[in-house]
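Reader: I'm new to reading protein structures. Could you walk me through this one, one question at a time?

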Amino acid sequence: MTDKELALIEGGSISSSPTRPPGTQFLPSPQVLFEPVIEGVEIASVIGDHKSGPHGTFVRLAPGVRLPLHHYDQPLAGVVVAGNLANPVPGNPASQQTLDPGSFFSFAANEPHETNNLGDGFALFFIFQEHPWVLAMDV
């Protein structure tokens, strides 16, 4: 892993802008800017805008973050980039496994689940959605 990749995972920033022109793009990790969502959770949209429509967004969880049951109002898919996650879904034994870098996950609309950083360092994953990202806590 390069120093730039480590900087992204461990608190560096990547700047995103919904006004970037379409087409071929290159966005080095130091230019990706994360914004806080809730304590220990930061996001950075690098494709589209997570607030208004289709998007591709990095999500970074601080060490030890355990998000209680929550859901999204639209389907969501993601890939783990760094760290180890668990996304337990009540009643779904397959969801109890640890997801390491390169692992894929997806959720149906309104499917309650947890998101837990199981590692000692930051966890980073990339999510894809065809709609705005709406996170709703279930507890």
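Reader: Let's start with a pairing. Which residue is the bridge partner of Gly48 in β3?

Author: Keep in mind that this is a predicted model. Strand β2 covers residues 41–48 and strand β3 covers residues 55–61, and the two pair in the antiparallel sense over seven bridges. A hairpin through six residues joins β2 to β3. In β3, Gly48 has as its bridge partner His55.

Reader: What about the β7 end: which residue in β7 is the bridge partner of Gly78?

Author: Strand β5 (residues 76–82) pairs with β7 in the antiparallel sense, over four bridges. β7 has an uncovered face with Phe104 and Ser106, and a covered one with Phe105 and Phe107. The partner of Gly78 in β7 is Phe105.

Reader: Back to β3. How many of its residues are buried?

Author: Take the faces in turn: His55, Thr57, Val59 and Leu61 are buried on one side, and Gly56, Phe58 and Arg60 are buried on the other. So β3 is largely enclosed by the rest of the structure, with the buried count at seven of seven.

Reader: Phe58 is on that list. Are the rings of Phe58 and Phe126 stacked or edge-to-face?

Author: Phe58 is in strand β3 and Phe126 in strand β9 (residues 123–129), so the pair links parts of the chain that are 68 residues apart. Both residues are buried. Their ring centres are 4.9 Å apart and their planes sit at 70 degrees; planes over 60 degrees apart count as edge-to-face. That makes this pair edge-to-face.

Reader: Which residues do ring pairs link into a cluster with Phe58?

Author: The structure holds five aromatic pairs. Ring pairs tie Phe58 into a cluster with Phe126 and Phe128.

Reader: Arg60 is in β3 too. Which residue does it stand opposite in β9?

Author: β3 and β9 run antiparallel and are joined by seven bridges. Arg60 also lies over the face of Phe34, 3.8 Å from the ring centre. The charged end of Arg60 sits over the ring of Phe122 as well, 5.8 Å from its centre. Across in β9, Arg60 stands opposite Leu124.

Reader: Last one, for the big picture: how many helices and strands does the secondary structure come to?

Author: From the N terminus on, the elements run α-β-β-β-β-β-β-β-β-β-β. Of the 139 residues in the protein, 38% are buried. The secondary structure comes to one helix and ten strands.

Methods
Residues numbered from 1 in each chain as written. Predicted model: local features only at pLDDT ≥ 70, side-chain atom pairs only at ≥ 80, totals over all residues. Heavy atoms only, no water. Pairing = 2+ DSSP bridges. Phe/Tyr/Trp six-rings, centres within 6.5 Å; stacked < 30°, edge-to-face > 60°. Buried < 20%, exposed > 50% of the residue type's maximum accessible area, 1.4 Å probe, protein only. Lys NZ or Arg CZ within 6 Å of the ring centre and 35° of its normal.
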